[in-house]
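Hello,

Here is the structure I promised to pass on. Please have a look at it first; my notes follow below.

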Amino acid sequence: MTATMDQGVAAGPQPGDRIARWARPGLGLVLPAGLALFWEIAVHMGLSNGRLVPPPSVIFNTFADLARTGELQQHAAATLWRVGWGFAFGVAGGTVVGSIAGYSGLIYRLLDPTLQGLRAVPSIAWVPLFILWFGIFEASKIILIAVGVFFPVYLGVMGAVISVDRKIVEVGRVFRLSGPAMVWRILLPAVMPAYVISLRAGLGLGWMFVVAAEFLGASTGLGFLLIDGQQLGKPAQIVAAVVAFAILGKFTDYLIVALAAPFLRWEDRFARS
């Protein structure tokens, strides 16, 4: 009885485990915070004048000024709106085309060489064409972002479908699973880990492509803040826009990971310390 109780106590969550669980996410802040502190000290000690690369205190004041006037919220909301729609269209197209190409050898041989060639085209090369085809308004920007998101999602889904273990499909056939049941219980769980990674990669490219998209005559957006800071000689505004990109990019990536976590609980992963 006593041994059983001792085992139950030992198996329960310990205070140290709770602290470690909450402290792990904070480790990601150590490097940027350390670099920011180092640069702040270097500027204050006169090792740099901080003109071209402003110290964190100046960047924070720039953030505060932009937020006070409402510019930061306006530009961030415009960029988020474009990335959101471009991500949605790119994911939809990449998932459908990648699934079909992964399942059908004929479609793969027809489509993949062309898509691989188009994937190598730099984002900025699409800008003149999209301006001619779709104008300088929101449609061209969203389509450009969708193009950036499409390719990593397509590659991830296609590769995941091709690499599904033949043995687990045969197990489903042995149990005489129907087509929908085979997809839901066998194929989707097998594809999901690679699919989540492709979504994260697509989102990262979406944030990169939005800068090129906002070069298309945009009057709002964080990309516009970058251009405005360059033209007016405001390095603090440029760095503030870069930091805003980083914060929003990390936040949206975290959302994908958090939303996908319930679908990946079945994985027997290696426990990292």
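**What I found**

The chain exposes about 17300 Å², and carbon and sulfur atoms supply 71% of that area. Accessible areas come from the Shrake-Rupley method with a 1.4 Å probe, and for residues only the protein chains shown count as cover.

This is a predicted model: local features need pLDDT of at least 70, side-chain atom pairs count only at pLDDT 80 or more, and totals for chains, interfaces and linings use all residues. Residues are numbered from 1 along each chain as its sequence is written, and side-chain values use heavy atoms, with hydrogens and water left out.

**Overall build**

The chain has twelve helices and zero strands. Helices (H or I, at least four residues) and strands (E, at least two) are DSSP runs, numbered from the N terminus. Of the 273 residues, 34% are buried. Buried means under 20% relative accessible area, exposed over 50%, and partly exposed in between (1.4 Å probe, protein chains only). Among contacts (heavy atoms within 4.5 Å) with a separation of 6 or more, 71% join residues 24 or more positions apart.

**The core**

The largest nonpolar core holds 50 residues. Such a core is a set of buried Ala, Val, Leu, Ile, Met, Phe, Trp, Tyr and Cys residues joined through side-chain atoms within 4.5 Å. Phe 87, Val 91, Leu 144, Val 153, Tyr 195, Leu 199 and Trp 207 touch the most other members. Helices that each supply at least two residues of this core include α5 (71–103), α8 (138–162) and α10 (179–213). The largest share, 13 residues, comes from α10.

Take Val 153. Leaving aside neighbours within four places in sequence, Val 153 is in contact with Val 91, Gly 94, Thr 95, Tyr 195, Ser 198 and Leu 199.

**A buried arginine**

Arg 82 sits in helix α5. Is Arg 82 buried or exposed? Arg 82 counts as buried because its relative accessible area is 3%. Beyond neighbours within four places in sequence, its contacts include Glu 138, Lys 141, Val 210 and Glu 214.

**At the surface**

Leu 37, Ile 41, Met 45 and Leu 47 form a nonpolar surface patch, with about 460 Å² of accessible area together. Patches are made of residues with over 30% relative accessible area and no salt bridge; like charges are joined within 9 Å, nonpolar side chains (Val, Leu, Ile, Met, Phe, Trp, Tyr) within 5 Å. A salt bridge is a side-chain nitrogen of Lys or Arg within 4 Å of a carboxyl oxygen of Asp or Glu. Ile 41 belongs to helix α3 (residues 30–44).

Best wishes
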